Amino acid sequence: SREPLLLNGPGGRVHMVHRIVLGPSASAALRAAAAAGPVRARIVAQSRLIARGARRPVAVSTARRALRLPPPSAWRARLEPRPRPVCDEAPERATAGRTALIALRCMGDDPRVALEAGPRRGTASIAERDPGLTLVRYRAPSPAGGSDRLAMRASSDAGVTVAALPIVVRPFTMRAIGDSVTAGFGYMGDGTPMGITQLPFCVPPTRLNDRCSSNSSNGPSSGGGAAWSSDTGYGNGVAWPAQFARANGIASSAFANRAVSGSTPADWLPGGQLNDALAGVVADDPDLTVLTLGANPLLDIFLVGRGIGCDFTLSEPAFSACVQRFITQQQLVPRLRAVIAQLLVAPGNRVVVSQYHQAIPASSVFSVASLRILGQVLNANVAQAVQGAPGFGSRVFLMSPPLFTVGVPPGDAVCVGERLGQGVDGPSVQSEAAQVELDITHPFSFCGSTDYWIISADTGVHPSVAGHAQFAASLQAVADQNALGPPAP
């Protein structure tokens with residue numbers, strides 16, 4: 001039997017029967033042998049079970065049975081009556097004002113599944129038919145709230161079953177995961193900026209707990225596991241996912257930012273300390289999930305670790321190759337792609353992965369040119385992971401924040417008051433601390449400003465509220481272009 005086994009059928013318990021059909025030649029041989037005397041049969045049946053949920057992988061089991069067949073005259077009498085089809089009646093979820101594919105599933109003896117009656121509130125049309133399955137294109141009513149239903153009829157030689165599939169109409173749901181750029185590191189849960197003296201006590205510990213992040217209730221020196229504030233940063237409006245949600249009228253109850261500062265792609269995968277959080281996001285079946293992921297642990301490697309040695313290379317191509325070796329060692333591309341694949345287990349989810357902004361930390365030993373190359377190589381790997389993910393362009397999208405200008409050459413922008421006539425990439429939007437240092441190290445070409453898209457408390461790494469607004473604007477552009485946001489009221 002190739003029909004799906006429905007674990008969530010009526011009563012939560014079902015009886016599965018394997019029906020083994022012999023071909024004409026095998027059947028004739030068996031009848032001839034049985035007419036001549038006792039026959040022993042050896043039956044091998046294989047089951048492939050696909051259970052709902054990210055934490056229930058596909059399971060394959062094999063059963064073997066040996067038995068002595070009765071004489072042919074007794075065969076028909078021993079046949080058990082075929083059960084009528086059993087249909088999946090577990091509630092489905094649909095987002096108000098949006099169209100979703102809903103499967104009407106029934107199991108039995110090759111049942112034919114039809115839409116018996118349309119929904120009470122929304123609209124429905126048949127998208128595809130297969131044995132045991134009919135896909136319905138359902139458009140949920142707006143606004144959210146309440147429920148709807150689809151009636152289905154399953155017919156087979158054993159009989160007819162009519163069942164109702166409940167549909168919960170819910171508001172547009174948004175989730176965020178990832179690292180400190182998504183979590184809003186450098187701001188407390190109440191939106192208060194981190195002070196520079198607090199930085200040593202805010203650095204992410206080995207057991208990640210998201211302290212000193214805008215979506216967290218953990219402050220400086222906090223221990224324990226990851227803890228998020230009750231609204232995960234929606235109220236303070238610091239991090240770019242929260243800014244996007246608020247601008248698009250997504251309710252705080254339908255929003256959650258589960259990003260954790262310091263996290264790596266491996267932390268979110270099976271065996272990682274945040275895999276349960278990822279499973280929770282998948283179980284919520286969001287309409288949209290956004291993230292930044294992949295900069296860790298590279299940030300530590302290049303700021304204070306072995307990656308500093310890359311800066312002693314003699315050419316830009318050699319420096320790029322050195323950076324790429326460290327990124328390859330961390331398996332950024334396959335691990336980020338694996339995180340995306342887990343997020344896609346949620347059937348209604350669309351995923352937007354953002355590249356990183358250009359940051360010039362005041363504490364870095366690297367030159368501006370080297371930091372630019374480092375950012376370009378990192379973002380190229382993020383793009384490779386996203387563009388190679390299943391569903392790219394339909395369910396998976398790449399986002400790029402605008403250029404966080406440095407204020408030094410090369411570039412085409414002319415800075416008012418600059419002295420040597422050199423073009424720069426634009427007035428600097430780096431942190432105030434970084435701009436002070438850049439003015440010292442580039443006294444004849446630096447183009448500064450009072451726009452600080454990066455905070456100074458961490459020496460110039462993470463976005464400020466203004467910097468997060470740039471990410472939110474980029475997300476808005478991607479959402480508008482691909483119809484990823486909530487439907488218009």
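Gln 435 touches Ser 428, Val 429, Gln 430, Phe 446, Gly 448, Ser 449, Asp 451 and Tyr 452, leaving aside residues up to four places away in sequence; contact means heavy atoms within 4.5 Å. This is a predicted model, in which local features need pLDDT of at least 70, side-chain atom pairs count only at pLDDT 80 or more, and totals for chains, interfaces and linings use all residues. Residues are numbered from 1 along each chain as its sequence is written, and side-chain values use heavy atoms, with hydrogens and water left out.

- Gln 435 belongs to helix H11; helices (H or I, at least four residues) and strands (E, at least two) are DSSP runs, numbered from the N terminus.
- With a relative accessibility of 7%, Gln 435 counts as buried, a term that means under 20% relative accessible area, as against exposed over 50% and partly exposed in between (1.4 Å probe, protein chains only).

**Packing of helices H9 and H10**

- Helix H9 (residues 332–343) packs against helix H10 (residues 368–387) at an angle of about 45°, and their axes are 8 Å apart; axes are lines fitted to C-alpha atoms, for helices over the stretch in contact, and angles run from 0 to 180 degrees between N-to-C directions.
- H9 is therefore oblique to H10, since angles under 35 degrees count as roughly parallel, over 145 as roughly antiparallel, 65 to 115 as roughly perpendicular and the rest as oblique.
- On the H9 side the contact is made by Leu 332, Val 333, Leu 336, Arg 337 and Ile 340, and on the H10 side by Leu 378, Asn 381, Val 382, Gln 384, Ala 385 and Val 386.
- The contact of H9 with H10 has 8 nonpolar, 2 polar and 1 charged residues, where Ala, Val, Leu, Ile, Met, Phe, Trp, Tyr, Cys and Pro count as nonpolar, Asp, Glu, Lys and Arg as charged, and the others, Gly among them, as polar.

**Backbone features**

- Most residues other than glycine have a negative phi, and most peptide bonds are trans.
- Asn 296 and Pro 297 are joined by a cis peptide bond with omega about 0°; Pro 297 sits in the loop between strand E13 (288–292) and helix H7 (298–303).
- Pro 409 and Pro 410 are also joined by a cis peptide bond, with omega about 0°, and Pro 410 sits in the loop between strand E15 (396–399) and helix H11 (432–441).
- Asp 210, although not a glycine, has a positive phi of about 65°; Asp 210 is in the loop between helix H3 (199–202) and helix H4 (240–247) and is buried, at 1% relative accessible area.
- Asp 285 has a positive phi near 45°.
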